[in-house]
Each structure stands twice: as structure tokens, then as C-alpha cells.
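Subject: Handing over a structure

Dear colleague,

I am passing this structure on to you, and below it you will find my notes on what turned up when I went through it. Please read them with the structure open beside you.

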Amino acid sequence: MSWPAHVHHFSPAGDPALRDPTGTLMNAELMVVLDRARADLGVPFCVTSGHRSVEHNGAVSGQVDSAHLSGEAVDGYFDGVSLLRQFAHLARYPFRGLGLYPYTTPPTVHVDVKLRTPGLMTWWMRTATGTLVYATSGEFLAELRELAAR
């Protein structure tokens with residue numbers, strides 16, 4: 001299903017970082033849920049990465065099995081909203097993956113609908129050294145506390 005007819009705040013032309021000029025490469029479920037999250041917060045969401053080719057994914061050091069390769073992921077940020085508030089807001093929606101990248105400029109979030117473990121959402125954060133720490137780890141909680149203290 002083509003997603004542009006089902007969303008109000010995103011478009012292939014208006015969001016070139018999605019890398020979906022025809023509106024057929026990004027996952028429609030992802031775009032509809034992200035559109036609803038954007039509408040509910042009432043703040044623009046700036047897309048920094050959407051669909052990726054294998055070559056582009058390699059150039060940005062993406063994961064080999066990245067959800068971006070199948071159009072199931074978007075990276076970006078809500079303009080003027082703290083990363084913790086973005087995390088709290090997005091965690092309420094039926095994404096399957098939610099990542100925090102506090103050390104990018106600007107700090108960004110990753111949302112995806114990639115099926116990992118049915119019924120579960122996976123949360124992670126990229127540390128200052130580039131390591132991914134997951135919500136089930138003590139490191140994730142330590143990083144979250146550090147982010148909250150900023």
C-alpha cells in the first residue's frame with residue numbers, strides 16, 4: 001500500500017530524507033503511526049533517514065540487518081523537544097523498535113516496525129562510544145539517567 005494518501009504531515013517531496021520519491025518504499029504502517037505521533041505532539045518531526053539502499057546503509061555504518069533497508073525505519077527528531085520527552089512520547093505508540101541517539105547532532109530517535117519478538121518492543125540507546133545498549137541491560141538505565149541529568 002502506498003502511504004502518502006494516508007498521512008497528513010509527511011510526503012515524498014516534503015521529506016526527501018525518507019528517500020521514497022514514489023511513496024512506495026516506506027512501510028505504510030510505520031508512516032501512519034509516525035504521522036499520528038507527530039499530530040498528537042503537535043510539533044514538526046524532522047526526518048534524517050528513511051529508506052536506505054545497501055550502499056547507502058554501508059556508507060552510514062548502518063546495521064547489516066537494518067530496518068531501513070526494507071523501509072521499516074525512520075530516524076529523526078521532534079523540533080525543540082528534549083530527547084527524553086521524545087522517547088516518552090514515542091513509547092506510547094505501536095512501534096516495534098525505539099532507539100535513542102543522544103550523541104548525534106542533533107540528537108535523534110529511531111522508530112521502526114521491524115518484527116523481532118512478536119508482541120514486544122525493543123528499546124536501545126547508542127552511547128558516546130557508539131555501542132548500542134538495550135533496555136534489558138543495566139547500561140541502558142545508566143545511559144538514560146545520564147541523559148536525564150543533562
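**What was found**

Ser61 counts as exposed because its relative accessibility is 60%, where exposed means over 50% relative accessible area, buried under 20% and partly exposed in between (1.4 Å probe, protein chains only). Ser61 also has a positive phi of about 60°, although it is not a glycine, and it lies in the loop between α2 and β2; helices (H or I, at least four residues) and strands (E, at least two) are DSSP runs, numbered from the N terminus.

Before going further, please note that this is a predicted model, in which local features need pLDDT of at least 70 and side-chain atom pairs count only at pLDDT 80 or more, while totals for chains, interfaces and linings use all residues. Residues are numbered from 1 along each chain as its sequence is written, and side-chain values use heavy atoms, with hydrogens and water left out.

**Overall build**

The protein has four helices and six strands, and along the sequence these follow the pattern α-β-α-β-α-β-β-β-β-α. Its C-alpha atoms fill a box of roughly 40 × 35 × 30 Å, taken along the principal axes. The radius of gyration is 15 Å, which agrees with the value near 15 Å that a compact globule of 150 residues would have; this radius is taken over C-alpha atoms, and the globule rule is 2.2 Å times the number of residues to the power 0.38. Buried residues make up 44% of the 150 residues. Among contacts between residues at least 6 apart in sequence, 58% join residues at least 24 apart, a contact being heavy atoms within 4.5 Å.

**Backbone features**

Most residues other than glycine have a negative phi, and most peptide bonds are trans. The peptide bond from Thr105 to Pro106 is cis, with omega near -5°. Pro106 lies in the loop between β3 (97–101) and β4 (108–112), and counts as partly exposed because its relative accessibility is 34%.

Thr108 lies in strand β4 and counts as buried, because its relative accessibility is 7%. Leaving aside neighbours within four places in sequence, Thr108 is in contact with Thr48, Gly76, Tyr77, Leu83, Gly99, Leu100 and Tyr101.

**Salt bridges**

A search of the whole structure finds four salt bridges, each being a side-chain nitrogen of Lys or Arg within 4 Å of a carboxyl oxygen of Asp or Glu. One of them joins Glu29 and Arg96, with the closest N and O atoms 3.9 Å apart. This pair links distant parts of the chain, since Glu29 is in helix α1 (residues 28–41) and Arg96 is in the loop between α3 (83–90) and β3, 67 residues apart. Glu29 is partly exposed, with a relative accessible area of 35%, and Arg96 counts as partly exposed at 26% relative accessibility.

Arg52 and Asp75 form another salt bridge, in which the closest N and O atoms are 3.3 Å apart. Here too distant parts of the chain are linked, with Arg52 in the loop between β1 and α2 (54–59) and Asp75 in strand β2 (residues 73–78), 23 residues apart. Arg52 counts as buried at 10% relative accessibility, and Asp75 counts as buried at 9%.

The side chains of Arg116 and Asp112 also meet in a salt bridge (2.8 Å, N to O); Arg116 counts as partly exposed at 33% relative accessibility, whereas Asp112 counts as buried at 0%.

**The largest pocket**

About 630 Å³ of space lies in the largest pocket. A pocket is found on a 1 Å grid over the protein atoms alone, as an open set of points with protein on both sides within 12 Å along at least five of seven lines, and lining residues have an atom within 4 Å of a point; the volume is the space filled by probe spheres set on the points, which are joined across faces, edges and corners. Of the 30 residues that line this pocket, the closest to its centre are Arg52, Asp75, Tyr101, His110 and Arg126.

With kind regards

How values were computed. 1 Å grid on protein atoms, 1.4 Å probe; cavity = no way out; pocket = protein on both sides within 12 Å on 5 of 7 lines; lining within 4 Å.
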